[in-house]
Amino acid sequence: MKTLNREDRKSIGIMMDEFGVYERLSCYDNLKVFADIYGIPYYKVRQTLSEVGLEQAMKKAASDLSKGMRNRLQIARVFMQNPKVIFLDEPTSGLDPATTKSIHKMILEKKAQGCTIFLTTHDMAEAAKLCDHVALLNEGTIVEYGTPEEICRRYNHQNRLRLHLFDGTDKELASGAESADELYELCKAGRIETIHSTEPTLETVFLELTGRKLEENE
Amino acid sequence: MKNVITILKKQLTDTIKNKTVLLQFILFPVMSLIMENLIHMDGMPEHYFMILFSIMYIGMAPLTATAAIIAEEKEKNTLRVLMMAGVKPGQYLLGIGSYVWVICMIGATIMGVSAGLSAETLVFYYVITGVGFLASILLGASVGVFAKNQMMATSIVMPVMLVFAFLPMISMFNDTIEKVAKLTYTGQMNLLLFDMHFDQLCTQNVGIIFCNLILFAILFCVAFKKNGLD
């Protein structure tokens, strides 16, 4: 970081869970400090706060904010400088679903604007929803890398179909030619209520990768 | 320079809302203002209360305020955010230091003017208090940099503050304490403020104050080298 100049630093935004805000200062004053450092005009402060939904809380002291609002204030601090590269560490950790959704929306908007975002999360559903590429880490080592779809396909060992029938029973079929006739008959008879492939989610892949390692250690 | 001014502005906004720090800055000037104007006794030295509270002000306000501000920023990780935004440690410390110094000088002005000091003595008073505030800021910054959190900073600052703020007062009751107090910058400043003329400045006064300043600067460098700022 020592070799970076002001413009370089301005183009990198970092939000970490442990980073604090100035508790006694209002949301507006909190951002104003960084607007002064980066040489950002003050109208951008107001604009960014309304972008993250904190317009009504502009004059509220940071100490009076809820955890979700505080996270949004931290995100506003990052977004205000219009960075090209953003590092977000657990931006939705411990938040309610509504706030999580609004933060996801903001991240996706930045992504659509062309920002490169490095997101650290323990929530695999969040990673699958927001990320183009995922690196799964175990004990500090990347154990898997790729698009969420690629990774899930790579670990689709079972390759089966899971059916729930109208009579309340569940059925699993191999996802191949050998099950085609049986599937056809069930469809034809109108007995299938739901049908799903058994391809894994990022969460099951992660558990498989890290769980297997734990077993090996034992 | 821009970053120094930003830190200064931030701190000014924060102080208005930080009652603990605000109280430290206004308590002694207000006390001096009241006591100087209300209490007059025969045989009492001129500007007695103003001098008494000035020494306490020098030994307490900048020391505790500087340590508290730095320790709070470290504890709450706002300092790290500033560093990552490109604020250099020197700029931050200069911003905090100049903010505390300016506020204390305003307090000193209230004390000096309200006590009715003449123009000449006011200049002398400014020089003494200005150097005193600087020494206390250096010492406070050393504690703030050394301490890992606010609680640790308070635990260190309290005894240090008691020594520098009250030793000159207690020295009038005990010869041994007087000898020790004379080795401190506040002790020397206490002697100087009772006869506010540049003519009375001697090598001993200046030397001891200068040695205190050097000692605090070394302490600060050691603390900074050991812990850094973030």
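This is a predicted model: local features need pLDDT of at least 70, side-chain atom pairs count only at pLDDT 80 or more; totals for chains, interfaces and linings use all residues.

Among contacts in chain A between residues at least 6 apart in sequence, what percentage join residues at least 24 apart? I get 64% for that share.

**Chain A, overall**

I went through the secondary structure of chain A next and counted nine helices and eight strands. Then I checked the dimensions. The C-alpha atoms of chain A fill a box of roughly 70 × 40 × 35 Å along the principal axes. The radius of gyration of chain A is 23 Å, whereas a compact globule of 218 residues would come out near 17 Å. For burial, I find that 22% of the 218 residues of chain A count as buried.

**Domains of chain A**

**The largest nonpolar core**

I moved on to the largest nonpolar core, which holds 99 residues. The members touching the most other members are L31(A) and A76(A) from chain A, plus F53(B), M56(B), A67(B) and I96(B) from chain B. Helix α3 (residues 48-75) of chain B gives the most to this core, with 18 residues. The core also draws at least three residues from each of domain 1 (6-120) and domain 2 (149-217) of chain A.

Leaving aside neighbours within four places in sequence, A67(B) is in contact with G140(B), V143(B), G144(B), A147(B), A153(B) and V157(B).

**Where A meets B**

The contact takes 15 residues from chain A and 17 residues from chain B. On the side of chain B that touches chain A, α1 (2-17) and α4 (78-84) of chain B are the elements giving two or more residues. α1(B) gives the most to that side, with seven residues. I sorted the residues of the chain B side by type and got four nonpolar, seven polar and six charged.

**I7(B)**

Last entry: I7(B), which sits in helix α1 of chain B. Why does I7(B) count as buried? Because I7(B) has 26 C-beta neighbours inside 10 Å, and the cut-off is 20 or more. Leaving aside neighbours within four places in sequence, I7(B) is in contact with Q91(B), Y92(B), G95(B) and I96(B). I also checked I7(B) against L94(B): they are 87 residues apart in sequence, yet 8.7 Å apart in space, C-alpha to C-alpha.

Note on methods:
Residues are numbered from 1 along each chain as its sequence is written. Chains are lettered from A and ligands numbered from 1 in the order in which they are written. A nonpolar core is a set of buried Ala, Val, Leu, Ile, Met, Phe, Trp, Tyr and Cys residues joined through C-beta atoms within 7 Å. A residue is buried if 20 or more other C-beta atoms lie within 10 Å of its own, exposed if 12 or fewer, and partly exposed in between; C-beta atoms are placed from the backbone. Helices (H or I, at least four residues) and strands (E, at least two) are DSSP runs, numbered from the N terminus. Domain bounds come from an automatic or database domain assignment. Two residues are in contact if their C-beta atoms, placed from the backbone, lie within 7 Å. The radius of gyration is taken over C-alpha atoms; the globule rule is 2.2 Å times the number of residues to the power 0.38. Ala, Val, Leu, Ile, Met, Phe, Trp, Tyr, Cys and Pro count as nonpolar, Asp, Glu, Lys and Arg as charged, and the others, Gly among them, as polar.
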